[in-house]
Amino acid sequence: MNSPVRGRALTTCALLFAVLAVSNLLKPLRIGAQTGFVLFGHRLDGTANAIAGPLFGIFLAAYAAGVWRMRRYALPMGRLYAAYVIANLILFNVYGPKHPGVGYALFGLVYAVVAIGVSSGAAYLLAQRRSELV
């Protein structure tokens with residue numbers, strides 16, 4: 001049986017999710033000033049960060065592998081992750097630190113567009129190719 005071809009967009013998404021998985025796995029090391037994992041709008045630290053970051057890293061690694069290998073299980077994971085990204089962005093704007101200035105607002109907008117675009121786009125592409133998933 002031949003494996004389905006991912007295409008460029010899903011290949012890019014799988015690679016981005018793998019990089020994000022590594023980033024989340026490294027959250028407990030707190031490399032950088034604000035590297036705590038953000039869970040439903042709250043930046044975690046301490047034990048919560050040491051648990052949640054790697055758990056999401058494992059989830060994203062499994063998701064990246066599912067996209068890479070075009071597995072059926074990647075579709076519900078993608079939908080769940082896309083919903084989480086949207087909720088997390090909204091809640092971070094509610095609970096997160098407030099930064100004055102156009103620069104922060106512009107960065108936040110670009111970040112939101114990319115985050116929602118990649119997470120929702122991957123779920124959409126997987127749904128469009130549902131019959132090809134193995």
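α4 runs to 27 residues and spans 37 Å from its first C-alpha to its last, close to the 39 Å expected at 1.5 Å a residue; that expected span is 1.5 Å times one less than the number of residues. Helices (H or I, at least four residues) and strands (E, at least two) are DSSP runs, numbered from the N terminus. This is a predicted model, so to speak: local features need pLDDT of at least 70 and side-chain atom pairs count only at pLDDT 80 or more, while totals for chains, interfaces and linings use all residues. Residues are numbered from 1 along each chain as its sequence is written, and side-chain values use heavy atoms, with hydrogens and water left out.

**Helix packing**

- α2 has 23 residues and reaches 33 Å from first C-alpha to last, close to the expected 33 Å at 1.5 Å a residue.
- On α2, the buried set is Asn49, Ala52, Gly53, Pro54, Gly57, Leu60, Tyr63, Ala64, Gly66 and Val67, and these residues pack against α1, α3 and α4.

**The largest pocket**

- The largest pocket has a volume of about 1,300 Å³, and of its 36 lining residues, Val38, Leu89, Phe92, Phe107 and Tyr111 are the closest to its centre.
- Here a pocket is an open set of points on a 1 Å grid over the protein atoms alone, where a 1.4 Å probe fits and there is protein on both sides within 12 Å along at least five of seven lines; lining residues have an atom within 4 Å of a point.
- The volume is the space filled by probe spheres set on the points, with grid points joined across faces, edges and corners.
- α1, α2, α3 and α4 each supply at least two lining residues, and α4 gives the largest share, with eleven.
- By class, the lining has 23 nonpolar, ten polar and three charged residues; Ala, Val, Leu, Ile, Met, Phe, Trp, Tyr, Cys and Pro count as nonpolar, Asp, Glu, Lys and Arg as charged, and the others, Gly among them, as polar.

- Arg129 sits in the segment after α4 (102-128) and is buried, with a relative accessible area of 18%.
- Leaving aside neighbours within four places in sequence, Arg129 is in contact (heavy atoms within 4.5 Å) with Val5, Arg6, Gly7, Leu10 and Met70.
- The count comes to one salt bridge, taken as a side-chain nitrogen of Lys or Arg within 4 Å of a carboxyl oxygen of Asp or Glu.
- That bridge joins Glu132 to Arg129, with the closest N and O atoms 2.9 Å apart.
- Side chains of opposite charge can pair when their charged atoms come close.
- Glu132 counts as partly exposed, at 34% relative accessibility, whereas Arg129 is buried.

**Positive phi away from glycine**

- Met70 has a positive phi of about 55° although it is not a glycine, and this comes just after α2.
- Met70 lies in the loop between α2 and α3 and is buried, with a relative accessible area of 0%.
- Phe40 is not a glycine either, yet has a positive phi of about 50°.
- Phe40 lies in the loop between β1 (38-39) and β2 (42-43) and, at 42% relative accessibility, counts as partly exposed.

Note on methods. Buried means under 20% relative accessible area, exposed over 50%, partly exposed in between (1.4 Å probe, protein chains only).
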